[in-house]
Protein chains: 2
Amino acid sequence: MKADLKEHIQKIIPLTDEEFAFVNSHFSTKKFKKHQFLIQEGDPVKYSYFVISGLLKLVYTDSSAKQHIVSFAMEDWWESDFYAFYTQTNATMSLECLEDTEVLCCTLDDYKKLCSGLQKMERFFLEKATFGFLGSQRRIISWLTSNSKERYEHLLQQYPSLFQRVPKSLIASYLGVSRETLSRLSS
Amino acid sequence: MKADLKEHIQKIIPLTDEEFAFVNSHFSTKKFKKHQFLIQEGDPVKYSYFVISGLLKLVYTDSSAKQHIVSFAMEDWWESDFYAFYTQTNATMSLECLEDTEVLCCTLDDYKKLCSGLQKMERFFLEKATFGFLGSQRRIISWLTSNSKERYEHLLQQYPSLFQRVPKSLIASYLGVSRETLSRLSS
DNA sequence: AATAATAAGTGATGTATATCACATCAGGAA
DNA sequence: TTCCTGATGTGATATACATCACTTATTATT
């Protein structure tokens with residue numbers, strides 16, 4: 001299972017077995033069932049998660065109790081309420097399983113030790129953060145330049161598997177349109 | 001002028017004079033006049049920029065030649081077409097002066113040397129990338145949860161000075177509404 | 001198997017926003 | 001000055017999308 005993490009890191013930076021043992025010691029494994037919460041809005045955020053298997057949704061609930069999908073997290077993705085995690089404040093979002101899910105967990109303390117103890121890991125996280133930023137920027141550009149139908153088709157093309165795994169109402173919420181509109185777009 | 005950079009870095013990580021001299025040696029200074037381009041769509045992106053004074057717009061031009069403001073960059077901000085910069089590909093966006101602007105320039109090569117040569121700088125850039133990501137995520141959430149008027153008011157409250165410095169048509173483009181709609185919102 | 005809950009499609013209607021057209025005003029260049 | 005360009009406001013109209021209401025199909029629960 002933890003072999004997944006090693007491979008994931010190696011895509012960016014090669015690690016010796018010894019180095020990986022060090023990395024490994026900063027993670028713990030947890031399993032969750034569908035519908036379980038890894039993070040609940042209002043609670044402290046203890047971990048940053050690396051998804052080994054399964055699927056999660058990161059949800060922001062607005063003042064009128066409407067839920068918005070901020071992101072999905074599938075195999076090989078990192079997810080958390082990162083703002084709350086880094087600043088050690090309470091969660092403003094929730095993280096919930098859409099399928100049975102297995103994750104590796106890393107506390108902020110372990111994250112910092114990992115970065116200080118092994119410069120390669122700081123490099124690794126820098127690369128992750130950079131491309132995370134670029135991904136968000138692309139999503140913003142897609143908002144600015146495309147209509148709902150184009151955004152829908154772009155997502156379909158980028159993550160076809162997602163459409164097999166989650167109800168369309170959640171896809172709609174991620175795209176920022178109503179489920180009725182999404183239904184009409186796809187027909 | 002370069003004192004600005006030192007102060008900016010020190011907000012995150014203290015540097016000795018010697019360390020700062022090392023950092024400094026990886027930047028060059030450039031000045032641009034209003035309407036000049038730092039990056040032109042289609043050209044290679046040689047630098048990542050730190051804004052000392054002035055104001056820039058990062059613009060994405062869509063297939064129907066319509067311009068969209070991806071971001072503004074003011075004093076103390078880092079800006080570039082980061083995807084093109086990191087991957088050394090050609091720019092898909094342009095970066096243009098809205099005012100006379102002075103910047104510090106860093107090549108990808110120097111960026112890498114900075115990170116390898118001084119772990120503090122890798123830490124610094126990791127923090128910048130992380131909070132850059134979080135900023136973009138907040139902007140996405142604001143898209144998902146708010147209407148145009150709310151997004152307008154939120155921006156006004158967050159960056160009141162921007163409204164003194166740029167025409168409202170550009171604010172509209174940043175918010176993703178037409179300039180006519182923005183005009184009606186603000187009245 | 002029976003019942004309930006969730007997912008998905010679709011019509012009718014209202015609303016926010018884009019688009020087009022035009023008027024006004026300010027600042028810079030000849 | 002006079003001319004031009006860019007910025008801003010505002011009416012009229014078109015359009016994309018949300019919302020509400022209802023139906024049908026699928027999946028989960030007892």
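**View 1. Chain B laid on chain A.** In this predicted model, chain B can be laid on chain A with an RMSD of 0.0 Å by a turn of 180 degrees and a shift of 0.0 Å along the axis, where copies are superposed by least squares on the C-alpha atoms of residues with pLDDT of at least 70 in both. The two copies are thus related as by a two-fold rotation axis. Within chain B, the C-alpha nearest the axis belongs to B:Phe133, at 2.0 Å from it. The same surface serves both copies, since 97% of the contact residues of chain B recur in chain A, contact meaning heavy atoms within 4.5 Å.

Residues are numbered from 1 along each chain as its sequence is written, and chains are lettered from A and ligands numbered from 1 in the order in which they are written. Local features need pLDDT of at least 70 and side-chain atom pairs count only at pLDDT 80 or more, whereas totals for chains, interfaces and linings use all residues; side-chain values use heavy atoms, with hydrogens and water left out.

**View 2. Helix α5 of chain A against helix α4 of chain B.** Helix α5 (residues 119-145) of chain A packs with helix α4 (residues 108-117) of chain B at an angle of about 140 degrees, their axes being 11 Å apart. Helices are DSSP runs (H or I, at least four residues) numbered from the N terminus, and axes are lines fitted to C-alpha atoms over the stretch in contact, with angles running from 0 to 180 degrees between N-to-C directions. A:Gln119, A:Arg123 and A:Leu126 of α5(A) make the contact with B:Tyr111, B:Cys115 and B:Ser116 of α4(B).

**View 3. The protein surface near DNA strand C.** Of the 16 residues around DNA strand C, those that come nearest are A:Lys168, A:Arg179, A:Arg184, B:Ser178 and B:Thr181, a residue being near if one of its heavy atoms lies within 4 Å. α9(A) gives the most to this surface, with 4 residues.

View 4. A polar contact is a pair of N or O atoms within 3.5 Å. In the side chain of B:Arg184, an N or O atom is 3.0 Å from a base oxygen of DNA strand C.

Definitions and conventions. Helix = DSSP H or I, 4+ residues; strand = E, 2+ residues; numbered from the N terminus. Polar contact = N/O pair within 3.5 Å; in protein donor to acceptor, adjacent residues only side chain to side chain.
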